[in-house]
Amino acid sequence: MKTYIVGGAVRDRLLGRPVTDRDYVVVGATPGDMLALGFQPVGKDFPVFLHPQTHEEYALARTERKSGRGYKGFTVYAAPDVSLEADLLRRDLTINAMAEDESGALVDPYGGQRDLAAKTFRHVSAAFAEDPVRVLRIARFAARFTDFVVAPETLALMRQIVDKGEIDALVPERVWQEIARGLMEERPSRMFRVLRDCGALARLFPEIDRLFGIPQPPEHHPEIDTGEHVMLVIDWAARQNVSLPVRFAALTHDLGKGVTPPECWPTHHGHEARSVELVRALSERIRVPVECRDLAVAVAREHGLVHRALELRPGTLIELLERVDAFRRPERFDDFLTACECDFRGRPGYEDKPFPARGYLRQALHAAQSIDAGAVARRVDPARIREAIFQARAEAVAAWRNQQAT
C-alpha cells in the first residue's frame, strides 16, 4: 500500500504557485484496508475516503471505461492491482498527471514537467475525448494560466467532443460551475476564446458567441467589435478583483447587440431591452444563481442610462434608483455601479478616463435618502403616498443639483 500526492498540488508546487488543496491516490489497497485505518468513506461513484485526522481526500487508484454519453457515462474499476501509472493515464492533461511519493520524489510518466516548461496544455491519452467536462476545464485553466496554450492535437480532440454532440450532454449545473470558476480567474477572456476556438462557445453560449464580428460606433468603441469589447470588460472586472455577480453582469450586459438587425449596424438602439430577455434565458438555461441573474438583468437594462446619468432629469434619476432597488439595497447598488464602470473601462483608451457617473449617482441617492419617507407618508392621503415620496425625492435631487451648479 503506497500513498501519492497527485494532480494540481504537484503542478502548482512545480510552478511555484500556492498549494491550497492536496489530492491523494492510494495504490495497493482495498476499501476494507482504508476502513481499518479509520478512513471515512465519502465517494459515490468510486472509492474516496477522508483521512481520520486531516480530513483530506484519499482515492483508491482506479481506471475508467466509457460506457455512456456525458461526463457520468463511465464504468469505474478500483482495485489493488491498479497501478499509479494506470490511474494517472485517465487524467485530463499531462501537467495534471504527475505524482509525488511519500519521500517527495516526482513520478511523471507522461511528460507533465516537459509541458509545464513549454507552457502547454496537452492531453494524456485519447481517452481525453470521452469526457466533455474537460473542454470546460481546459478553457478555465487557460483563464488561470494566462501564458499557456492548448496543444493543436488537444484542441482537435476538443473539437471532436463538440462535433459529436458530447458537449450537449453536460448538465446545466456543471456548466455554470465551470464558467463561474473561470470568471473568477485572472483573465476570464481566455476561457471564452478557447471555447470559441473549439466550437463549444456557439453550442453552450450562442448569445456570447454571436457578439464577435458585430460592429459598434467607433467614436464610442475604438475596439469596434462587440465580442472584443465584452472580453475587455470581463478582464477589467477581473483586474479589479470584483465579485462573481459583477463579473457575470459584465459578461452579459450587451447580449442584445448580438441580435441587432444588420441594417441597423453599427448602432444598437434598444439593445438594453433585448439584452434583458437574453440574460434571463441564459440564466434559466444554465441555472445561474438568483443573485447573479438579478444583478445582470439590472445592468443589462440600465447601463445605457448610467452612462448618461449627468444628463438625466431628477425624476428620471429617481426612477432609475427605484428600478435598481438602490433605496433598499445600497450595497447591491454599489455592485451595479461597479459593473457599469467595467463596461465603461472595457474600451481602449478608457482605462484611466474619469467616470463621473458613479459618484454622481451615489450623491443623487444620498440626496434622495435625506427625505423622511415616513413623515411624507403621514402628510398625504394613503392613495398618494408613493407619488408624494417620489416627488419629494425628485425635489431633493433637484435641490442638490442646483446647489452643485452654484
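Q: What makes the buried residues of H16 count as packed against other helices?
A: In this predicted model, contact means heavy atoms within 4.5 Å, and the buried residues of H16 pack against helix H11 (226–239), helix H12 (244–252), helix H14 (290–307), helix H15 (314–323) and helix H17 (356–369).

Q: Why is H16 called mostly covered?
A: A residue is buried when its relative accessible area is under 20%, and 12 of the 16 residues of H16 are buried, so the helix is described as mostly covered. Among them are Arg-332, Phe-333, Phe-336 and Leu-337, together with Glu-341 and Asp-343.

Q: How do you know that the span of H16 is close to the expected one?
A: The expected span is 1.5 Å times one less than the number of residues; for H16 (residues 330–345), with 16 residues, 22 Å is expected, and the helix reaches 22 Å from its first C-alpha to its last.

Q: What describes the packing of helix H8 and H11, and which residues meet there?
A: Two packed helices are described by the angle between their axes and the distance between the axes. For H8 (residues 189–197) and H11 the angle is about 145 degrees, with the axes 9 Å apart. Ser-189, Phe-192 and Arg-193 in H8 meet Glu-228, Met-231, Ile-234 and Asp-235 in H11, and the residues of this contact divide into three nonpolar, one polar and three charged.

Q: Why is strand S2 described as largely enclosed by the rest of the structure?
A: Four of the five residues of S2 (residues 23–27) are buried, so this strand is largely enclosed by the rest of the structure.

Q: What makes the pairing in the open sheet mixed?
A: The seven strands, in the order S3-S4-S5-S2-S1-S8-S9, have mixed pairing, and strands of a sheet pair either parallel or antiparallel. Two strands pair if there are at least two bridges between them; S1 and S2 pair in the antiparallel sense over five bridges, whereas S2 and strand S5 (residues 57–60) pair in the parallel sense over three bridges. In S2, Val-26 is the bridge partner of Thr-3, and Val-26 also stands opposite Leu-60 in S5.

Q: Why are S3 and S9 called edge strands?
A: Strand S3 (40–41) and strand S9 (106–107) each pair on one side only.

Note on methods
Residues numbered from 1 in each chain as written. Predicted model: local features only at pLDDT ≥ 70, side-chain atom pairs only at ≥ 80, totals over all residues. Heavy atoms only, no water. Helix = DSSP H or I, 4+ residues; strand = E, 2+ residues; numbered from the N terminus. Buried < 20%, exposed > 50% of the residue type's maximum accessible area, 1.4 Å probe, protein only. Axes fitted to C-alpha atoms, helices over the stretch in contact; angles between N-to-C directions. Nonpolar A, V, L, I, M, F, W, Y, C, P; charged D, E, K, R; others polar.
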